[in-house]
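Hi,

Here is the structure I promised to pass on.

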Amino acid sequence: MLVIGASATAPAIAQDEPASASQPQARELDTVQVTSSRIKRGGFIAPTPTTQISAEAIETSGLPSVADLINTMPAARPSLTPVSTVNNASWSGGNYMDLRGLGYSRTLVLVDGKRYVPTQITGVVDINVVPQALLQGVDIVTGGASASWGSDAVAGVVNLRFDHQLDGIKGQLQYGSSDAGDYTTRKASFALGHAFADDRGHLLLGVEASDNDGIARLGDRDWGAKGWGTITNPAYTADNDEPRILVVPGVVSSNTSFGGVITSGPLRGIQFDPDGKPVPFEYGDVVSGSSMIGGDGAYTHTEQTLAAPTERRTAYSRLSWDFTDNLTGFLEGSWSRSEASPIPNLTRSDTSIRIYRDNAFLDESVGQMMDEAGITSFTMGRLSRDYARTVNHKESTTRRFAAGLEGWLDNGWSWDAYYSHGTSETMLLADNNRITSRYNAAIDAVFDQASGQIVCRSAAARAIGCVPMDLFGEGAPSAEARAWVTGTSWRLWDISQDAAAATLSGDLFELPAGPLSMAAGVEWRSEEAAVTSDEFSVRAEFVTGNTVPWAGKVEVKEAFTELSVPLARDATWADEFSLNAAARVTDYSTSGTVSTWKAGATWDIDPRWRLRATRSRDIRAPSLEELFSGSTTSTFSVLDPELGSTYSVSSLSSGNPDLEPEEADTFTAGVVFSPTSNLTMSVDFYDIDMAGAIIELSAATIVERCYSIQPQLCGLVSRGDDGRIDQVQATPQNLQKLKLRGTDFELLYNRDIGPGQMRLRTLLGYTDSLSLDDGEVVTEMAGTVDQPTISSIGGMPYWNGNAHADYRLGPALFGVGLRYVGGGRIDRVLTEKDRNIIAVGSRTYLDLNASYNLGEHVSLFASVRNLADRDPPIVGGGFATVRSLYDVVGRYYSAGVRLDF
């Protein structure tokens, strides 16, 4: 396996399939195991495209996490990162892999070829909790791999490999900061490898600490400070050239202010100054609905946190011992703690606060105006940044222990077996979270005739200590009132995983073209989750973040086998031709038995040309959350197709224990061309067709489709004795179809120029189609730039790619890179008549890097990312741009020193 050297701007990547003369080293290895296969054999060539990021690239990237490096690949979509998840407290500060943009849950993350304990109740792993000080490299399989590695490998596998053979000491200190002086990163790592007892024993230790200050406000970026938003165009008519919606800067609210503004009746347009006195509310030049351009209206966009501050601490240890020449045992343990804090939420917006004439805090002059107008109440809009701005704190601790044996048999076969136990605990605190019932009671404040004091009108609220709240004017709520109407909500999820596996690999017998090799094994794992929360959340008292406790467990038993069959070697029609096949049977305690398989071939026509192809059946099992999440009840209005009337119905949302695994059929085919010893090019086509993908439909949609196109949903609708619908179960269902088709391109070029060596690498991805079919509506996401949510798939530009060239001259290395992110439509449905901005252009980012070896043991490195400080394209919405695609940090400098003894 050839590993191309590192760069700070993009990962150094190489195909695991050696491309003829340009990669002769691979055929000389005695034993390799690439992540695309379970088989260990010399020079094994797998048909599934696999790329590798080298340790050098990880060290010199200058990025806070190896996940940021992986996300520069065209095959990866940075859907869930510390930037894109900042508005979802449960995921803030994390890095979750999303290959092919099919969703984080369809990418399997492995550590040394083994499953890692999940850090989310959805079953996925936050890369940030995996110790990275000892990383030797990362293998990325960009094709279905469920037959080899199990559930979740629909889009591919990311395998983090530790350097078990390290002998010596490695250390690194690194500092980075944006051009704006924020997003500051401090990182220190130390790794030790030591052989003892005549090399029979080997000890590994690794520790790492990394902090990133985040970006406090969207307004800290010039493009974010403009207050981009959407507003209905008042000049729009059906028969003119004006668009219905405008995306423009300077958008504020027309029905809220920071001190409160009257929004109804004859007093509409009066707002309250910081002293609670009535003053005119100035409306903007353009007023449309609840928005306007200019004026005194409150704004929220610029105050949003753009990147969550994160802190990461990790430690890893491994002790191995050679009992004999053919038997080795190991013990390993890892610990990680990550924190994202503090993350202020948006200020609390209320557009229809009911204020009565006898409100004790109301200025008397306003009361007189109400009397003159003959009204007893009005509605007020207030964007309250002086209280109840929820601040989230997230802390996660992950522990994992593993023990195993591995060895060689006399016939050349190898075997290994291991057991692991891991736990992950995440606590999410939300300070200053508003308690709805207390707030409603506190703002209805009146004079108590007996005492002459201001009290809450509700006697029941007074009995439990209600403190009246003044909302007239920014800063008006007292500290006592703020304390009474807010509290700290918390939710805790405990996840545990026990896993065991045994694998046997070797050559069955010799064929004319080489040995027929096989790997076979069994696996078992048990995953369990328990979610608990505070009593206010259980009763759904908080305005946001209420969590219902639940618990669930899944047990999985698996058996697998894989074959590599060489059919030709040094023939007239082929230098080499081989087949690869794999099969796995999996039994889930929840959904029964399912089978996965893979079949592939590689054909080395001559030293210049190689063809490869695979076909596979892959699966993703439903997560513990999808199966067992707790029940929450809400009310919605439904049009009953049978009775022809509209009325309110109860909706029950919960997990669905009857969910079945998603199934996907994957086909890949490609060609590798090496016209010279220093040039390799490859083209790989892929097609993924998934059925039974899990989605959660709204209760209203379930009722509508039950009586139209999807009668199977009628089992979720129950009726009472009077014939009316009394409840709808809005649970996840296996209803969606996903289809993805595209092509990957890669070019590798090495050449001596003068006294040094130049190296060029280019990766390019084209997404031809990404369609989502929920049974009624088919949505095409390719060529769009839609921001994904936690539960949805985002848009994917047609083209993404990067190119990097570096030049090594003695102890010095200089590099330049380009990262390209395509543009696209904001929404497939929108036309120029709907919106003034319906598409955005692409972005190309220029990066530089350099390193210099100060002797044998010390080296310096530095990089600049986004040298031109390119701003992201504006699409409108809360964060103005698509944070999962485009660079929102801006120009970023990083420098550090590495030690190696």
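Counting the bonded cysteines along the chain, the disulfides pair up as 1-2, 3-4. That is two disulfides in total. Do keep in mind that this is a predicted model.

One of the links joins Cys 456 to Cys 466, with 2.0 Å between the sulfur atoms. The torsion about its S-S bond is about -80°, so this disulfide is left-handed. Cys 456 sits in strand E24 (residues 454–456), while Cys 466 is in the loop between helix H6 (459–463) and helix H7 (479–485), so the pair ties together parts that are ten residues apart in sequence. Both Cys 456 and Cys 466 are buried.

Then there is the link between Cys 706 and Cys 714, where the sulfur atoms are again 2.0 Å apart. With 105° about the S-S bond, the link of Cys 706 and Cys 714 is right-handed. Are its two ends buried or exposed? Cys 706 has a relative accessible area of 5%, so it counts as buried. Cys 714 comes out at 28%, which makes it partly exposed, because the buried class stops at under 20% and the exposed class needs over 50%.

Now for the chain as a whole. It has ten helices and 46 strands. The radius of gyration is 30 Å, close to the 29 Å that the globule rule gives for 901 residues, so the chain is as compact as a globular protein of that length. Along the principal axes, the C-alpha atoms fill a box of roughly 100 × 70 × 65 Å.

If you take contacts between residues at least 6 apart in sequence, 70% of them join residues at least 24 apart. The exposed surface comes to about 34900 Å², and carbon and sulfur atoms supply 54% of that.

Most residues other than glycine have a negative phi. Which way does phi go at Arg 100? Arg 100 has a positive phi of about 65°, although it is not a glycine. You will find Arg 100 in the loop between helix H2 (66–70) and strand E2 (107–111). Its relative accessibility is 5%, so Arg 100 counts as buried. Ala 540 also has a positive phi, near 55°. Ala 540 is placed in the loop between helix H8 (535–538) and strand E27 (550–569).

Last, zoom in on Glu 208, which lies in strand E8 (residues 201–212). With a relative accessible area of 5%, Glu 208 is buried. What does Glu 208 touch, leaving aside its neighbours within four places in sequence? Its contacts are Gln 132, Ala 133, Lys 187, Ala 188, Ser 189, Arg 312, Arg 313 and Thr 314. Gln 172 is 36 residues from Glu 208 in sequence, and the two are 9.3 Å apart in space, C-alpha to C-alpha.

That's everything from me for now.

Cheers

Note on methods: Residues are numbered from 1 along each chain as its sequence is written. This is a predicted model: local features need pLDDT of at least 70, side-chain atom pairs count only at pLDDT 80 or more; totals for chains, interfaces and linings use all residues. Side-chain values use heavy atoms; hydrogens and water are left out. Helices (H or I, at least four residues) and strands (E, at least two) are DSSP runs, numbered from the N terminus. The radius of gyration is taken over C-alpha atoms; the globule rule is 2.2 Å times the number of residues to the power 0.38. Contact means heavy atoms within 4.5 Å. Accessible areas come from the Shrake-Rupley method with a 1.4 Å probe; for residues, only the protein chains shown count as cover. Buried means under 20% relative accessible area, exposed over 50%, partly exposed in between (1.4 Å probe, protein chains only). A disulfide is a pair of cysteine sulfur atoms within 2.5 Å.
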